[in-house]
Amino acid sequence: MKIVDGVEWLGVTDWNIRDFHGYETRKGTTYNSYLVRGEKAAVIDAVKKPFAKQLIASIEEKISLDEVDYVVSNHAEPDHSGALPELLAALPNAELLSDAKCAPTLEKYWGVKARAVADGERLVLGGGKTLRFIETPMLHWPDSMFTYLEEDQILFSMDAFGQHVACSERFADQYSGALNEAAKYYANIVMPFAAVALRVLDGLRGVPIKTICPSHGLVWRGDDVERVASAYASWANGVAQERAVIIYDSMWGSTERLAQAIAEELPVPYRLMRIRDNDLAEMMAEVLQSKYLFVGSPTLNNGPLPAAAAFLTYLRGLRPKAKKGFAFGSRGWGGGALNAVKQAFELGGVELVGEFECDYRASSENEKELKQKVASLFSTKQKPRIVKLGKNANF
Ligand code: FEO
């Protein structure tokens with residue numbers, strides 16, 4: 001699959017993967033590898049170990065294996081490095097390149113030795129193909145690096161700008177909803193590193209980019225480059241829509257009644273998501289795009305229900321930016337769940353703007369009180385505005 005003259009996609013499509021280290025990948029994923037051919041040839045990134053033979057066969061369809069001079073590893077995580085031992089064994093003349101942090105990690109994982117390249121170092125392949133290496137530490141591992149193809153202005157961005165999508169299309173402009181998939185990917189993988197993402201985006205100012213080739217999913221080209229870069233800047237800055245997500249679990253229906261009461265009162269668009277019926281990745285995509293986050297659980301054994309506890313652990317690790325949080329739930333003779341929600345908010349950087357807890361069954365009085373609390377969060381928005389028409393108003 002040609003990206004531009006001399007640059008081809010070599011990746012593999014993992015149609016049936018549904019659990020990517022806990023991230024539910026309902027649409028599968030791809031592990032993208034690229035071949036850059038000038039006078040010399042480089043393979044950029046490998047694939048997951050079980051697909052090594054498939055990658056080698058793809059290379060062999062395009063070029064003799066002994067003509068590959070370099071393999072660039074932008075990132076040591078095994079979904080991109082697992083095939084390296086078999087790949088390097090099949091490429092007799094290839095030198096493995098990575099950044100200085102990646103090299104020891106690759107050796108620990110796979111026993112392969114890489115030559116470390118420096119930030120900004122250039123590798124002239126000849127024939128109008130020059131690679132430049134750009135270190136991007138902690139996006140999202142210490143070893144992360146971009147490779148930039150200067151003449152074609154292509155950024156090989158490893159996980160950044162990626163999406164977990166398995167499809168036959170190769171470019172984002174051929175696939176409906178690529179940006180939503182990128183948002184979900186950002187929410188679940190990149191979100192804790194928002195400050196790094198902003199720094200990297202800042203470092204790319206002045207670097208002309210026509211195409212972004214991530215290591216998962218679809219390739220961004222044309223106007224989509226600016227679209228996805230702007231979206232990343234918004235997400236990393238914590239810009240969210242005036243909407244809400246209500247995420248809850250329930251034992252005997254009481255916390256669910258509270259969740260529904262919240263929904264009935266919200267003056268903004270919302271999603272109601274019972275934790276056991278939704279996967280973590282989907283819920284975090286909603287959290288990313290919503291300004292208001294309501295989280296509820298009843299108390300069980302002095303804490304939240306197990307599924308709610310898992311969500312809270314995930315939430316606090318991903319540290320969403322600029323969220324307004326509301327904790328709610330029901331309890332019997334002892335509490336604990338509400339505090340767990342509030343603690344997760346605190347550790348995850350979510351601003352607590354309200355809380356509500358009822359005993360045993362949620363009564364209509366409880367619902368009324370909760371609705372008043374919810375309404376008060378939006379009270380300035382609910383007041384009718386008196387608009388003074390100027391003398392040129394045209395109605
Ligand atoms: Fe796709 Fe961080 O690995």
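Leu-35 stands opposite Val-43 in β8. Strand β7 (residues 34-37) and strand β8 (residues 41-44) are antiparallel partners over 4 bridges; strands count as paired if DSSP finds at least two bridges between them. Helices (H or I, at least four residues) and strands (E, at least two) are DSSP runs, numbered from the N terminus. The model is predicted, so local features need pLDDT of at least 70 and side-chain atom pairs count only at pLDDT 80 or more, while totals for chains, interfaces and linings use all residues. Residues are numbered from 1 along each chain as its sequence is written, and side-chain values use heavy atoms, with hydrogens and water left out.

**Sheets**

- Strands of a sheet pair through backbone hydrogen bonds, either parallel or antiparallel.
- An open sheet of 7 strands runs in the order β1-β2-β7-β8-β9-β10-β11, with mixed pairing.
- Its edges are β1 (2-4) and β11 (115-117), each with a single partner strand, so one side of each has no neighbour in the sheet.
- On average, neighbouring strands of this sheet are turned by 25 degrees against each other, direction ignored.
- An open sheet of 6 strands has the order β12-β13-β14-β15-β16-β17, also with mixed pairing.
- Here β12 (122-124) and β17 (220-221) are at the edges, each with a single partner strand, so one side of each is left without a neighbour in the sheet.
- β12 pairs with strand β13 (residues 130-135) in the antiparallel sense over 3 bridges, and Arg-122 has Arg-132 in β13 as its bridge partner.

**Helix packing**

- Helix α8 (residues 254-265) packs against helix α12 (residues 364-377) at an angle of about 45 degrees, with the axes 9 Å apart.
- Axes are lines fitted to C-alpha atoms, for helices over the stretch in contact, and angles run from 0 to 180 degrees between N-to-C directions.
- α8 and α12 are therefore oblique to each other; angles under 35 degrees count as roughly parallel, over 145 as roughly antiparallel, 65 to 115 as roughly perpendicular and the rest as oblique.
- Residues of α8 in contact (heavy atoms within 4.5 Å) with α12 include Leu-258 and Ile-262, and those of α12 include Leu-370 and Val-374.

**Backbone exceptions**

- Leu-139 and His-140 are joined by a cis peptide bond, with omega about 10 degrees; His-140 is in the loop between β13 and β14 (145-149).
- Met-158, not a glycine, has a positive phi of about 40 degrees, and is buried at 1% relative accessibility.
- Arg-319, also not a glycine, has a positive phi of about 45 degrees, and is partly exposed with a relative accessible area of 41%.
- Buried means under 20% relative accessible area, exposed over 50%, and partly exposed in between (1.4 Å probe, protein chains only).
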